[in-house]
Amino acid sequence: MRPRFPRLGRPEPEVKTGTAPNGLAYESVWSYPRPPSLEPEPRPVVVSVDGRTVASSHRAIRVCETAGAPTIYLPEDDITPGALRRSAGRGSYCEWKGAASYFDVVAGEREIPAAAWTYEDPSPGFEQIAGHFSFYPALVECRLAGELVRPQPGGFYGGWITDEITGPVKGEPGSEGW
């Protein structure tokens, strides 16, 4: 029996040194650890929809995992009241962080289904992100220190790509086995 997704070899990381256009040193997603690391995100974070701010934080947490773009989690207190509504029937499971719950983002009359998620009871070692939410940059506008975030490729992962991030990044076609 042939596996549905044969394990692919690790791709060669893009090698960049020096300073990215945003003033930060280049960093490869292939230098991130497994299991993922958690660290404070020093840059101010703003999430908006159609020009309406739905979240703004100086207390975000950055989660970095091998081959994936960093994911930024904001404390619930830094999210505009009423901007999140629990999504019906959707969830997922991360081997490291545990069960994720999804939320629709509401801004004025606009509602974006399942545009945010949280780990309400994260696995041991990831308790720091309890009470924090991340947003899909493919669905809402996310900014780090004013820089517009680009979404991680594919529709599943919610990584945040900024100018200093180098890859290749999982989520692209052919990366199922990374």
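Guide: S7 and S8 form a hairpin, with three residues between them. Strands here are DSSP runs (E, at least two residues; helices are H or I, at least four), numbered from the N terminus. The model is predicted, so local features need pLDDT of at least 70 and side-chain atom pairs count only at pLDDT 80 or more, while totals for chains, interfaces and linings use all residues. Residues are numbered from 1 along each chain as its sequence is written, and side-chain values use heavy atoms, with hydrogens and water left out.

Two strands count as paired if DSSP finds at least two bridges between them. Within this pairing, Ser92 stands opposite Ala100 in S8.

S7 also takes part in the largest pocket, giving three residues, the largest share of the lining. A pocket is an open set of points on a 1 Å grid over the protein atoms alone, where a 1.4 Å probe fits and protein lies on both sides within 12 Å along at least five of seven lines; a cavity is a set from which the probe cannot get out, and lining residues have an atom within 4 Å of a point. The largest pocket holds about 550 Å³ of space; the volume is that filled by probe spheres set on the points, which are joined across faces, edges and corners. Its lining has 27 residues, and Glu65, Cys94, Phe156, Tyr157 and Lys170 lie nearest the centre. Two or more lining residues come from each of strand S6 (71–75) and strand S7 (84–94). By type, the lining divides into 13 nonpolar, seven polar and seven charged residues. Nonpolar covers Ala, Val, Leu, Ile, Met, Phe, Trp, Tyr, Cys and Pro; charged covers Asp, Glu, Lys and Arg; the others, Gly among them, are polar.

Pro113 counts as exposed because its relative accessibility is 56%; exposed means over 50%, buried under 20% and partly exposed in between, with a 1.4 Å probe and protein chains only. Leaving aside residues up to four places away in sequence, Pro113 touches Asp104 and Leu139, a contact being heavy atoms within 4.5 Å. The C-alpha atoms of Pro113 and Arg85 are separated by 9.1 Å, although the residues are 28 apart along the chain.
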